[in-house]
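Hi everyone, thanks for coming.

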Amino acid sequence: MTNSLHSQKTPSLPKKLLRGLLRQCAWCGGKGGFFTTWYTKTDNCQTCGLSRERGYEGFELGAATMGVFMTFGSIISWMIISVVVGIALVPLLLIAGALAVFVPTLGYPLTYTVWFAIDITFRSPTAEDFAQAQAWLDNRALA
Ligand SMILES: [Zn+2]
């Protein structure tokens, strides 16, 4: 069984990042990427079979860093907008607090899919990665 996803052209960085923000696999655009539910992740993309870590143990640290960027970025953006528009202090702080709670909890899967987009930009998938992805897909098809 061959998979045309493995011989595709590398997507552009904006396309990979957009896919990550939409909770898709940055490589193939597969819906959900490595997630089977909003919070349940697997090691491989459910569509193309690429491993998210690909032998790199620091992947989780990158995803956690993306979570910090997304949370702090949303709070700082909100505070800048609030100051420019002239929003009162209490609503400003209440919404900043809500962002601090909801961005990391609801955005959890995006930290992985966006980080995967950056990771495959700097560490392009190799022939070995695609071979492992194909083996994973074949194994899943048999199960
Ligand atoms: Zn994929």
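Let's start in the loop between α1 and α2, where you'll find Arg23. Keep in mind as we go that this is a predicted model. What is the phi of Arg23 near? The phi of Arg23 is near 60°, a positive value, and this residue is not a glycine. For background, most residues other than glycine have a negative phi. Is Arg23 buried or exposed? Arg23 has a relative accessible area of 15%, and the cut-off for buried is under 20%, so Arg23 counts as buried.

Now look for Arg54, which also lies in the loop between α1 and α2. Arg54 is not a glycine either, yet its phi is positive, at about 45°. Arg54 counts as buried because its relative accessibility is 9%.

Next, the zinc ion. Which residues coordinate the zinc ion? Cys25, Cys28, Cys45 and Cys48 do, each through its SG atom, at 2.3 Å. Along the chain, these donors follow the spacing C-x2-C-x16-C-x2-C. Take Cys25 and Cys45: this pair links distant parts of the chain, 20 residues apart, with both cysteines in the loop between α1 and α2.

Why is the arrangement around the zinc ion called tetrahedral? The four donor atoms subtend angles of 105 to 118°, and that makes the arrangement tetrahedral. As a reference point, the ideal angle for four tetrahedral donors is 109.5 degrees.

How covered are these cysteines? Cys25 counts as buried because its relative accessibility is 0%. Cys45 is buried as well, at 0%, and Cys48 is buried at 0% too.

A disulfide is a covalent bond between the sulfur atoms of two cysteines. How many disulfides does the structure hold? The structure holds zero.

Last stop: helix α4, residues 108-122. α4 has 15 residues and reaches 22 Å from its first C-alpha to its last, close to the expected 21 Å. How many of the 15 residues in α4 are buried? The count is 11, so α4 is mostly covered. Among the buried residues of α4 are Leu110, Tyr112, Val114, Trp115, Phe116 and Ile120. Thr111, Thr113 and Asp119 are buried in α4 too. What covers the buried residues of α4? The cover includes α1 (13-21), α2 (59-85) and α3 (89-106).

Key
Residues are numbered from 1 along each chain as its sequence is written. This is a predicted model: local features need pLDDT of at least 70, side-chain atom pairs count only at pLDDT 80 or more; totals for chains, interfaces and linings use all residues. Side-chain values use heavy atoms; hydrogens and water are left out. Helices (H or I, at least four residues) and strands (E, at least two) are DSSP runs, numbered from the N terminus. The expected span of a helix is 1.5 Å times one less than its number of residues. Buried means under 20% relative accessible area, exposed over 50%, partly exposed in between (1.4 Å probe, protein chains only). Contact means heavy atoms within 4.5 Å. A disulfide is a pair of cysteine sulfur atoms within 2.5 Å. Donors are N, O and S atoms within 2.8 Å of the metal (3.2 Å for Na, K and Ca); water is not among the atoms, so sites may look incomplete. Four donors count as tetrahedral if all angles lie between 85 and 135 degrees; four count as square planar and six as octahedral if opposite donors are over 155 degrees apart and all others between 65 and 115; anything else is irregular.
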